[in-house]
There are 2 protein chains.
Amino acid sequence: MAEDVFKALADPTRRRILDELVERDGQTLFEICTRLVTKHGLGLSRQAISQHLAVLESAGLVRTRRQGRYKFHDLTTEPLERIVTRWLKPDTPEAP
Amino acid sequence: MAEDVFKALADPTRRRILDELVERDGQTLFEICTRLVTKHGLGLSRQAISQHLAVLESAGLVRTRRQGRYKFHDLTTEPLERIVTRWLKPDTPEAP
DNA sequence: TTGATAGGCAAGTCGGTACTTGCCTATTGT
DNA sequence: ACAATAGGCAAGTACCGACTTGCCTATCAA
């Protein structure tokens, strides 16, 4: 539901994760962890990131595929496009 | 900032308020209050709505104009359009 | 088979925030 | 002038969510 999408986007760390995934799709939990630490200086535990990814997944913003002991995370942008059109007036002005 | 926009959108009541404003622009605090109560069954105090409107305004989603003892609230959709393009890949697929 | 890697589960802590309550200011009408 | 209407300020409560800690499971390499 839209509720889950908005709540998922409310957290800065989760938005960072989406930034990482849009830059390189299909990363594992550990890859995302190290990237967040090195590139953005976020000092978070692995569990924290794992929980964030769970929130993103249940919101439909991230899809996962298991492969052996790895779990790859892929970005899904469909929910994003839906939620915003909610408040855009019918006369959507196209950029000139 | 984008941070304020996302946090503003995180709350269901604030999204209801945006729904009301997109339906009829330029409402006062009291109008919004009564509408939320009658149409959506939300039993919230006037202060609660006032604080929500303050959040929406500081996020740039609502603009206000004072006129006598009335304060009218207008919706502003510009921040919405900006924040979502953040994760839409460069090859934006147009609807066929 | 054993150790190392990748990830999961569950309980607990702590801070932010949504909401209330009470009182105050300003504009309008009679 | 006075009451009623429209809104603002500030402190207090209570709950939700982000993060940690500790331990457990599964897959791969040697």
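Strands β1(A) and β2(A) form a hairpin with two residues between them, where strands (E, at least two residues) and helices (H or I, at least four) are DSSP runs numbered from the N terminus. In the turn, A:Gly68 has a positive phi of about 65°. This is a predicted model, in which local features need pLDDT of at least 70, side-chain atom pairs count only at pLDDT 80 or more, and totals for chains, interfaces and linings use all residues. Residues are numbered from 1 along each chain as its sequence is written, chains are lettered from A and ligands numbered from 1 in the order in which they are written, and side-chain values use heavy atoms, with hydrogens and water left out.

**The hairpin of chain A**

- Strand β1 (residues 62-67) pairs with β2(A) in the antiparallel sense over six bridges; two strands pair if DSSP finds at least two bridges between them.
- A:Val62 has A:Leu75 of β2(A) as its bridge partner.

**The two protein copies**

**DNA strand C**

- There are 23 residues around DNA strand C, and A:Phe30, A:Gln47, A:Lys71, B:Ser45 and B:His52 come nearest; a residue is near a strand if one of its heavy atoms lies within 4 Å of it.
- Sugar or phosphate holds 65% of the atoms of DNA strand C within 4 Å of the protein, and the rest belong to bases.
- A polar contact is a pair of N or O atoms within 3.5 Å; within protein, one must be able to donate a hydrogen and the other to accept it, and residues adjacent in sequence count only if both atoms are side-chain atoms.
- Phosphate oxygens of DNA strand C lie 2.7 Å from a polar side-chain atom of B:Ser45 and 3.4 Å from a polar backbone atom of A:Leu29.
- A sugar or linking oxygen of DNA strand C is 3.4 Å from a polar side-chain atom of B:Arg69.
- α4(B) gives the most to the surface near DNA strand C, with four residues.

**DNA strand D**

- Among the 23 residues around DNA strand D, those that come nearest are A:Arg14, A:Ser45, A:His52, B:Phe30 and B:Gln47.
- Of the atoms of DNA strand D within 4 Å of the protein, 63% are in sugar and phosphate.
- A phosphate oxygen of DNA strand D is 2.2 Å from a side-chain N or O atom of A:His52, and a phosphate oxygen is 2.7 Å from a polar side-chain atom of A:Ser45.
- At a base nitrogen of DNA strand D, a polar side-chain atom of B:Gln47 lies 2.8 Å away.
- α4(A) supplies the largest share of the surface near DNA strand D, four residues.
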